[in-house]
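Please examine the structure shown below.

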Amino acid sequence: MERNSARELTSDEHVEIVKRVADALSSKKFDAVLATDGGNVTYLLGGRTLPYVDQRQFYPVAVLRCQDSGLDTLVCPIDQEALARRIGWAGRIIAFGTSETSVRPAFVAAISDALQAAGGVTRVGYDAEAISHGLVQDLTAAAKGVSFESDDGLLQDLRAVKTAGELRMLAFAARLADRAVVSAFNHSEGSARDILSYSLWEFMERIRVHVGEFGGSGTGHVSAMQGKRAGVLYEQPERHEALRPGEMLRAEWTNHHRGYWTSAARTISVGALPEALAVDYAKNQQIKKAVADAIKPGVTGADLCAVAAKEAGRIGAVLWTEPGIGHGVGTSEREAPFLVPDSDTPLQANMVISLAIYTRGADDGLIVDKDIHRVTDSGHERLSWYKDYRNIYELVGTTARHG
Amino acid sequence: MSNRLDPNRINAVIKDHNWRALVAFGAENVQYLTGAFLPFARARRNQPVAVVWPANGAPVAFVPAAWATSFGKASAVSVKAYDASGNDAAALAAAMGDTLKGGTIGCDLDAATAASIKALGDVTLAPADEALASLRMIKSDAEIALLSSAALRTDHAINGCIHHITVDRRMSELTFVEELRIHSVERDLDLIGYDATARIASGHELPEYWANAPRYGYATTRDLQLGETIRIDVTNVSDGYWSNAARMMVMRDQLSAEQEHDYDALVAVRELLLQHLKPGKTCAEVCAAVRKAAQEQGVPLVVGSDLGHGIGVSPVEAPFLNCGDDTPIAAGMVLVLDPVIETAAGICRSKDTVVIDDNGAKIVNWYKDWREPYTPIMSI
């Protein structure tokens with residue numbers, strides 16, 4: 001059991017990730033692989049993360065990993081050149097400025113320069129679901145003699161099965177998620193039933209800030225829906241909406257630790273638990289247990305979806321099937337394997353999934369209780385074990401006035 | 001249709017290019033065209049979305065089924081869903097059906113993934129990235145009002161936070177950034193979205209663009225020190241439109257001679273930008289003129305960095321104040337002026353949001369007059 005120690009990847013663990021990439025390249029006969037999206041960039045940097053890669057599309061970065069690791073190159077704007085060294089990147093860096101030229105031509109030129117300097121690189125793979133079509137076109141025109149092709153899942157397959165170091169990062173991120181929401185509970189429950197109550201925006205902010213206070217690196221999506229808004233996947237709270245006793249609240253968020261993400265959600269009762277919600281939540285937990293018990297190497301997303309559907313039918317629960325029942329997490333918050341009805345990819349040991357089974361409550365609210373599971377050699381191991389949610393959390397309490 | 005977007009402008013672009021339709025895959029472009037802001041869309045490219053805006057007919061958004069209700073509540077265009085699948089690009093293409101068949105379709109090819117384009121099959125596509133960027137650059141009155149309000153409220157939030165600081169009272173960097181965020185949400189800023197951040201850099205981190213790596217979303221637990229220079233960065237969102245701010249303060253009630261000199265340089269380059277930002281001049285012309293004048297005045301501008309950029313449905317967008325961007329400055333633009341200087345203390349910047357009108361640039365995010373940095377009280 002990992003107890004929040006060793007929160008960084010060691011040098012050897014960074015190298016292990018890089019070596020997996022190099023081995024995969026040689027087997028697929030690519031000379032190099034190129035990535036520009038956050039998840040693949042973090043992975044190709046050997047488990048090191050740059051800031052907001054997916055959001056900073058106008059100041060892009062690219063990582064070129066070659067069979068010969070001595071040619072590995074990071075292309076980045078000048079404001080990240082020193083940063084790359086700080087986070088431990090030892091490969092080549094080509095930094096481009098944007099004061100004299102627009103970003104895109106500078107970026108394409110820098111990648112072309114990297115390919116030319118690498119020498120002998122003629123076949124470059126990319127993750128087609130992540131890379132810009134326009135960028136591929138521009139690179140094809142600029143880098144003569146180099147063929148850019150879809151890597152046919154090379155990166156996704158590599159990322160899906162985690163190394164020991166990655167498992168440790170993901171376990172920390174998963175427990176961090178719960179430490180954060182428990183902190184939000186503790187901050188708010190003293191006021192939840194008072195006249196002034198506690199605003200939803202502050203509840204959400206408590207989740208975010210406690211991710212940081214407990215050592216995490218950042219949050220992504222943070223949301224809290226109650227009442228009628230809990231009937232959809234996402235809706236922003238009303239401007240000054242406060243917690244309302246008697247209603248269900250569903251919080252959903254993603255957070256990362258050093259670039260390793262978790263996808264979390266908890267459903268709670270604000271105030272004393274209504275009986276209907278107790279029944280609905282128990283049904284959700286039953287389906288979740290049935291699916292979790294079925295996790296093992298060899299089963300597919302389709303198999304697990306079938307288990308969920310069967311159990312839901314047996315106990316009279318209404319599954320919300322639109323999102324599937326879960327997905328992988330790693331250097332991105334949503335990645336392979338995808339637990340959807342047409343997924344025939346067998347699970348493998350050391351895949352890590354966010355199990356996300358949504359059911360409809362009696363008042364049409366969506367109930368979900370996400371947990372992170374590692375696929376073991378024979379079953380599964382829950383990584384998000386910080387707190388037991390088999391019974392729904394009840395946000396009750398008042399604030400003592402201390403005279 | 002959302003009152004922020006004039007559909008006639010979109011239709012005119014489609015007609016001018018003789019496209020049968022415009023299709024947008026980029027999350028920001030989809031948000032722009034529909035008004036629906038789903039913060040996680042940018043982070044989940046393996047769940048693609050698209051908007052098809054026909055030359056004749058009503059626009060339609062295509063989204064994953066799980067997002068459909070949420071998206072539909074916020075969207076000004078109708079929504080069609082596609083089911084979650086092991087290959088969502090193919091599922092999206094199938095949902096779009098024949099909407100892209102025949103004629104030439106304008107498409108944001110830079111924003112679309114290779115998988116999304118491949119899944120479309122035999123469709124004639126023409127690049128529409130520049131056309132969409134041009135549309136987004138000129139803001140409607142409603143957009144200008146929202147961006148101005150968000151920018152001013154962010155500056156108000158920064159001021160609200162820093163007015164709590166007393167030099168002789170211990171405060172950590174982490175507490176400071178938490179206060180920045182709290183004061184932002186107290187002013188109805190949404191603070192959702194992955195790059196909605198509050199950061200500071202001080203002491204040995206001030207020379208870094210990206211302090212506290214890799215915990216970019218937070219700060220250290222180091223206590224602020226007497227006399228040091230502090231750089232404050234805040235990026236907020238409000239109803240899907242962004243503010244992007246930075247300010248400087250010193251941890252003493254008066255500046256040192258060096259700090260005065262450094263801040264004078266920031267003020268000087270701001271004045272140069274305001275002087276040169278006139279409608280009709282290109283971004284490149286403005287950049288070249290400002291850089292030349294700054295050099296003559298001894299302002300230590302960072303080489304290789306833009307002098308500013310647009311803002312809208314993303315915190316950084318076209319046009320870019322660099323010497324490679326030939327976009328003419330025009331009334332209706334909202335820009336963030338962001339000249340970066342590097343001094344002995346570190347990286348200093350003070351971002352001003354401006355609205356361009358027929359006369360030039362007007363600053364809209366001064367809660368206080370930033371011709372001087374903030375200096376707190378020493379003691380109570």
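A polar contact is a pair of N or O atoms within 3.5 Å; within protein, one atom must be able to donate a hydrogen and the other to accept it. The model is predicted.

Q: How many residue pairs are in polar contact between chain B and chain A?
A: A pair is counted if both residues have pLDDT 80 or more. Between chain B and chain A, the count of residue pairs in polar contact is 42.

Q: Which element gives the largest share of the side of chain B that touches chain A?
A: Elements of chain B that give two or more residues to this side are α3 (65–74), α5 (114–120), α8 (173–185), α10 (283–296) and β11 (317–320). The largest share, six residues, comes from α3(B).

Q: How far apart are the closest N and O atoms of the salt bridge between B:K73 and A:E235?
A: The rule finds nine salt bridges across the interface of chain B and chain A. A salt bridge requires a side-chain nitrogen of Lys or Arg within 4 Å of a carboxyl oxygen of Asp or Glu. For B:K73 and A:E235, the closest N and O atoms are separated by 3.0 Å.

Q: Which element gives the most to the lining of the second largest pocket?
A: This pocket has a volume of about 730 Å³. At least two lining residues each come from α6 (154–160) and β12 (335–338) of chain A, and from α4 (88–96) and α5 of chain B. With five residues, the element that gives the most is α5(B).

Conventions. Residues numbered from 1 in each chain as written. Chains lettered and ligands numbered in written order. Predicted model: local features only at pLDDT ≥ 70, side-chain atom pairs only at ≥ 80, totals over all residues. Heavy atoms only, no water. Polar contact = N/O pair within 3.5 Å; in protein donor to acceptor, adjacent residues only side chain to side chain. Helix = DSSP H or I, 4+ residues; strand = E, 2+ residues; numbered from the N terminus. 1 Å grid on protein atoms, 1.4 Å probe; cavity = no way out; pocket = protein on both sides within 12 Å on 5 of 7 lines; lining within 4 Å. Points joined across faces, edges and corners; volume = space filled by probe spheres on them.
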